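Please consult the sequence and the model while reading the points below.

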Amino acid sequence: MMSSCRVCGSSAMVPVLSLGEQPLANHLLTAPDLSDEEDLYPLDLLYCESCTLVQLGASVPPSDLFDEYAYFSSQSQTMIRSGQTLAERLTRDPSVEDWFVVEVASNDGYLLQQYRSNGIAVLGVDPAANVVQVARERGVPTLCEYFSEDIGRRIATDYRPANIIHANNVIAHVPDPVDLLKGIGALLREDGLAVIEFPWVARLIDRTAFDTIYHEHLFYYSLTSFQNAVRAAGLYCTDVEEIDLHGGSLRVFLRRQQEEEVPNLRRVLEYERERGLTSLSGYQLLQQKVHSSIELLENEIDSIVGDGGTVAGYGAAAKATVLLNAAPRAADAVTFVVDSTPYKQGRFLPGVRIPIYPPEHLMMAMPTHTLILAWNFADEIMSKESEYIERGGRFFVPLPEPQYVTRGESR
Ligand code: TYD
Ligand code: ZN
């Protein structure tokens, strides 16, 4: 068990949820792996009473987690479109042709590609060799490194300071977020803008989305706790907006200088205080709500199977591993999972060892019911699989309770 907060160092850490011992959610198994036993690690959430940050207890060495990464951002049109819109918005500036844009945890380069196609100089940084290779192949220059204060300084010297720095879905994953933020500060031009996105803990609580809790995901930020980390790195939050990615995320804008306070920031901070997310009270019911969500899901699946139905899963996401390992009766009924990522096909979900097939398999097997495990992409998935629905197949999402969905009404 962790004894002190990774951001503020306080030892006033209170347990708020335990999911027991779990395998690493992104460590998909190959067929030969099935003869070996898997390593399990405790999965527990703690609340820091000093800086209000929610974080995991014990951690797994990062080299076990990110050397090869099964997640390819451009598997999702939703992600690509979100990146496009953002890049278009940020590049409405006459001097844009001379800009230098850097992305931390640039994955397969889908976001930087948007800038590059407008002739803007870009550089990605990502520690996972396999996604870096894909990015380079599509023409996005990428350093294969963990971003840090040192790397930020080095890029500023070897290249030049950046006009824009993106960091999407990484600040929750690194063991030392203050060091990463200091690196952003070191690399950012005096007048530069950093844009940071992360899943918002408020939406985790709303949806009882405990399946977004896994070992790679160390931190569950509110704006309040994120701002504390930002201040510790000598930067300032200047604006915020909520975006509809990963079940509800915040996109926070940072600068090197403080600006006049924007109403958006104050509004979100106040909302968090009212919701109890800046004290222990907002998290106290989580364990109980998780238990009842699991039970409702297992009961629903039991009743499908009891009626002679069959169940498949859609999306071999990390959250699929977490959900199914926490709901063994559901996992027993799910005979296979489909996923569009070639890397994942032919592998098995960790722990529960459910096989992963390409999406075409769904129409071949025609299960009566399909649980959308990647529920954050439910609309996109259902529009691809309209034929399955026309032939009588039914989609449902798991949390906070099982809900049947048809196109356009999943949120
Ligand atoms: P992701 O959202 O990355 O979740 P996590 O962070 O929990 O891993 O996972 C989405 C998964 O769903 C990814 O493996 C790709 C898959 N997917 C499909 O198979 N088809 C689709 O149409 C979409 C949008 C995603
Ligand atoms: Zn703290």
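The model is a predicted one, in which local features need pLDDT of at least 70, side-chain atom pairs count only at pLDDT 80 or more, and totals for chains, interfaces and linings use all residues. Residues are numbered from 1 along each chain as its sequence is written, chains are lettered from A and ligands numbered from 1 in the order in which they are written, and side-chain values use heavy atoms, with hydrogens and water left out.

**Strand 4 and its neighbours**

- Because five of the five residues of strand 4 (residues 100–104) are buried, this strand is largely enclosed by the rest of the structure.
- Strand 4 pairs in the parallel sense with strand 5 (residues 121–125) over five bridges, pairing being defined by at least two DSSP bridges between two strands.
- Within that pairing, Phe-100 stands opposite Ala-121 in strand 5.
- Strand 7 (residues 162–168) runs parallel to strand 4 and is joined to it by four bridges; here Val-102 stands opposite Ile-165.
- A right-handed β-α-β unit is made by strand 4, helix 3 (residues 110–116) and strand 5; right-handed means that, with the strands pointing away from the viewer, the path from the first strand over the helix to the second runs clockwise.

**Cavities**

- The whole structure holds three cavities of 30 Å³ or more, a cavity being a set of points on a 1 Å grid over the protein atoms alone where a 1.4 Å probe fits but cannot get out.
- The largest cavity has a volume of about 100 Å³, the volume being the space filled by probe spheres set on the points.
- Its lining comprises 16 residues (an atom within 4 Å of a point), with Pro-199, Trp-200, Arg-203, Leu-204 and Thr-212 nearest the centre.
- Helix 7 (201–207) and strand 9 (219–220) each give two or more residues to this lining, and helix 7 supplies the largest share, four residues.

**The chain as a whole**

- The chain has 15 helices and 17 strands, counted as DSSP runs of H or I (at least four residues) and of E (at least two), numbered from the N terminus.
- Of its 411 residues, 56% count as buried.
- The C-alpha atoms fill a box of roughly 65 × 45 × 40 Å along the principal axes.

Key:
On a 1 Å grid over the protein atoms alone, a cavity is a set of points where a 1.4 Å probe fits but cannot get out, and a pocket is an open set with protein on both sides within 12 Å along at least five of seven lines; lining residues have an atom within 4 Å of a point. Buried means under 20% relative accessible area, exposed over 50%, partly exposed in between (1.4 Å probe, protein chains only).
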